[in-house]
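Subject: Structure for you to look at

Dear colleague,

Here is the structure I said I would pass on. My notes follow below it.

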Amino acid sequence: MTPAPRFPVLLWLPAALAAAFFLLPLVGLCQRAPWSSLATRLASPAIRDALWLSLQCSAAATTLSLLFGLPLAAWLAAGSSRLRTAVRVLVTLPMVLPPVVGGVAMLLAYGRNGLIGSAAEPWLGFALPFTTPGVVLAETYVAMPFFVLAVEGGLRGLDPRYAEAAATLGAGPGRVFRTVTVPMLLPTLRSGLLLAWARALGEFGATITFAGNLAGATRTMPLAVYTALETDPDAAITLSLLMVGIAAAVLFPLRRHWLPSR
Amino acid sequence: MPLPLLRRLSLTTLTLLITLPGACTKPTPAAEKTMVFAAASLTAAFEELAEAFAQGHPGARLDLHFAGTPQLVLQLQEGAAVDVFASADQANMQKVVATGKTTAAPATFARNRLTIVVEKGNPKGIAGLADLSRQDLRVVLCGPEVPAGRYARQALDQAKVAVASRSDEPSVKAVVSKVALGEVDAGIVYVTDAAGAKDKVDAVAIADEQNVIASYPIVRLQCGHAEDPVGEQFVAFVLSAAGQAVLARHGFAAP
C-alpha cells in the first residue's frame, strides 16, 4: 500500500484562512442571534409563510430544472457545433448577470408588456409578475444553469462505449438514454440538483425584481430577511439562522451521495 | 529546476500574505475623503450639491453613498465611518441620534410631497388617490419600513382609500421602474422622483389636504474623521441659499 501523499505545509495557512473566512460570518450570526426569543420568533406566521413559500418554490424550480435542463444538457453534450457553443453561453449568462438585471430582463420578456408576456397573459389567465409562479420562474432562471452545466460536464465524462454497446444490442436512442446514460449519470444528476436547489433557495435579486415582494405570495425567505433587516435586525438574523439550519438539514444527510466528494 | 506548481502557488500566496498587510498600514489619500450617506430620493440633488460644493472648496473630497434610508441606518449602526447623514424621515434620523454619534441636533433642510405616478399618457384615467382602490388597477407602494411607503400608507389611511399593494418595493426607484415598464398601473412616490423620471412616467397630483409632507433632516457625525471640517462645511452649504437653490431645482420645497 502506498502512503497517502502528504499535504503541502505551505498550503495550510491559506487553507485555514479560507475556512475561517466562511466560518466567521456564521459565528457572527450566532453571536448576535436573539436566542431567548428564538422559539417565539420562529413560530410567527410571517416566518412560517416565508419558509413554506421558499420550500415550495425552490422545489418547483429544481423540478423544472430537471425536466427541461436534462434534455438541454444532453443535447449540449451530444456533439460540438457553433450553435451548441452559442446556446451554452446563453445558459451561462444568468450565472454572470447580476440577478437584479436578470429580473429586469425577465420583465421585458415575460412581464405584462413583455415580448411574450403580453401574449401569454390571456392564455394563462394572469400576468406572471407579482405571483408565486413568477417566483418559480425567477428561481428557475438563476438555478437551471448550475444543473445544466454540471450535467453536461458529467455526460461528457461518461465512457461512450456503454451507450454504443447498448445501441449495438438493438436499443433505440430513447432506451439507451433511459437505461444506460441516466443510471450512470446519477451521481452528477444528484449534485446538479442540489446545486440548483441551493441556488433557488437563496435567490433574491431576480425574485424581488420580477416577482416583487408580497407577503404570502412572493416574499420568500431571502426577501423576508431583506425586509426585516430594515425594521427588525433580530428577525432577520433569526430567519438567516433558519436558512442555515435548513441547508444543514438537507446537505448533511445527503453529503455521501449528493455532494461531489472523494 | 522549476518548482512544482503547487509549491510555486503556495509560495506566491505566502508572499502576498506577508506583503499585503504592510502595504495597507500606509495612510492612503482616500482616507481624507468625507463620507456622505444620503437617502435614495436625494440622489440627483446631492450629486449636484456635491459638485457645486467642490467648486467652492477645492481641497475637499466628498464620497456620496445613496441607498434606502433604513439600509443607511443599519450600516451606520454597524459602524460605517460616516461624516454626514441625510435621512428621508425623522424616525430614521432618531435612530441615528440614538447611537450617540451625532455632534449637534439634526437640521431639516428640505421637504417633499407625494404624488401618484402612472404610465405615460395615463391610459387608465387615474385622477387622484380615491381611484387607486379601483379593482381593475394594479398598484405598488414602497414597503412600510421605507419612509416613502410609510407616508403613502399614511396618506391612503387619511383619505380612507383601501389599496392592496401588489408588492412592497424596496425603494421609490423600484416603484418608478415598475410603473415605467407597465408592470403596474400606478404607484406612489415623491414629487421629486416623478419629476426626475418625467420622460418615462406621468404624475397625477395628490390634493394638498390628502398629501403627506416628508421632511429631510441632515446631521454631522463624529464617527467619520473628527478633525476634518469638510463635513461641517457641507452641512452648512446644504442649508445655505446656494444649496437650497439646487434642491429647489430638483423639486424639493424649502424646510
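How many helices and how many strands are there in chain B? Chain B has nine helices and nine strands. Please keep in mind throughout that this is a predicted model.

Confidence

The model scores ipTM 0.71 and pTM 0.78. For chain B the average pLDDT is 85, and 85% of the residues score at least 70. The exception to note is residues 11-31 of chain B, where the pLDDT is below 50. Beyond near neighbours in sequence, that stretch has four contacts in the model. Where pLDDT is low, the predicted coordinates should not be read in detail.

Chain B overall

Of the 255 residues of chain B, 43% count as buried. If you take the contacts in chain B between residues at least 6 apart in sequence, 79% of them join residues at least 24 apart.

Chain B is divided into domain 1 (31-110 + 215-249) and domain 2 (113-213). The centres of these two domains of chain B, taken over C-alpha atoms, are separated by 27 Å. Between them, ten residues of domain 1 of chain B are in contact with 13 residues of domain 2 of chain B. On the domain 1 side, the touching residues divide into four nonpolar, five polar and one charged.

The cores

The largest nonpolar core has 69 residues. Those that touch the most other members are B:Val84, B:Phe85, B:Val117, B:Ala152, B:Ala186 and B:Val189. Strand E4 (residues 107-119) of chain B supplies the largest share of this core, six residues. Both domains of chain B take part, with at least three residues drawn from each of domain 1 and domain 2.

To look at one of these residues, go to B:Ala152: leaving out residues up to four places away in sequence, B:Ala152 touches B:Leu114, B:Leu141, B:Cys142 and B:Ile188. There is also a second, separate core of 54 residues, which includes A:Ala73, A:Phe130, A:Val135 and A:Ala206.

Helix H8 of chain B

Which residues of helix H8 (residues 230-239) of chain B are buried? They are B:Val230, B:Gly231, B:Phe234, B:Val235 and B:Val238. Seen down the axis of H8(B), these buried residues fall within an arc of 140 degrees, so they line one face of the helix. An α-helix has 3.6 residues a turn, so residues three or four places apart point the same way.

The loop between E4 and E5 of chain B

B:Arg138 is found in the loop between E4 and E5 of chain B.

B:Gly128 is in the loop between E4 and E5 of chain B. With 14 C-beta neighbours inside 10 Å, B:Gly128 counts as partly exposed. B:Gly128 and B:Ile206 are 78 residues apart along the chain, and their C-alpha atoms are separated by 5.9 Å. Leaving aside neighbours within four places in sequence, B:Gly128 is in contact with B:Val204, B:Ile206 and B:Ala207.

B:Asn122 is found in the loop between E4 and strand E5 (139-142) of chain B. B:Asn122 counts as partly exposed, with 16 C-beta neighbours inside 10 Å. Its phi is near 45 degrees, a positive value in a residue other than glycine. Most residues other than glycine have a negative phi.

A:Phe130

Phi of A:Phe130 is also positive, near 70 degrees. A:Phe130 is found in the loop between helix H6 (117-124) and helix H7 (132-157) of chain A. With 24 C-beta neighbours inside 10 Å, A:Phe130 counts as buried.

Where the chains meet

20 residues of chain B are in contact with 21 residues of chain A. On the chain B side, the elements that give two or more residues are helix H1 (5-25), helix H3 (69-77) and strand E6 (168-169). H1(B) gives the most, with seven residues. The residues of chain B that touch chain A divide into eight nonpolar, six polar and six charged.

Regards

Note on methods. Residues are numbered from 1 along each chain as its sequence is written. Chains are lettered from A and ligands numbered from 1 in the order in which they are written. This is a predicted model: local features need pLDDT of at least 70, side-chain atom pairs count only at pLDDT 80 or more; totals for chains, interfaces and linings use all residues. A nonpolar core is a set of buried Ala, Val, Leu, Ile, Met, Phe, Trp, Tyr and Cys residues joined through C-beta atoms within 7 Å. A residue is buried if 20 or more other C-beta atoms lie within 10 Å of its own, exposed if 12 or fewer, and partly exposed in between; C-beta atoms are placed from the backbone. Helices (H or I, at least four residues) and strands (E, at least two) are DSSP runs, numbered from the N terminus. Domain bounds come from an automatic or database domain assignment. Two residues are in contact if their C-beta atoms, placed from the backbone, lie within 7 Å. Ala, Val, Leu, Ile, Met, Phe, Trp, Tyr, Cys and Pro count as nonpolar, Asp, Glu, Lys and Arg as charged, and the others, Gly among them, as polar. The arc is that of the directions from the helix axis to the C-beta atoms. pLDDT is the predictor's confidence in each residue, from 0 to 100.
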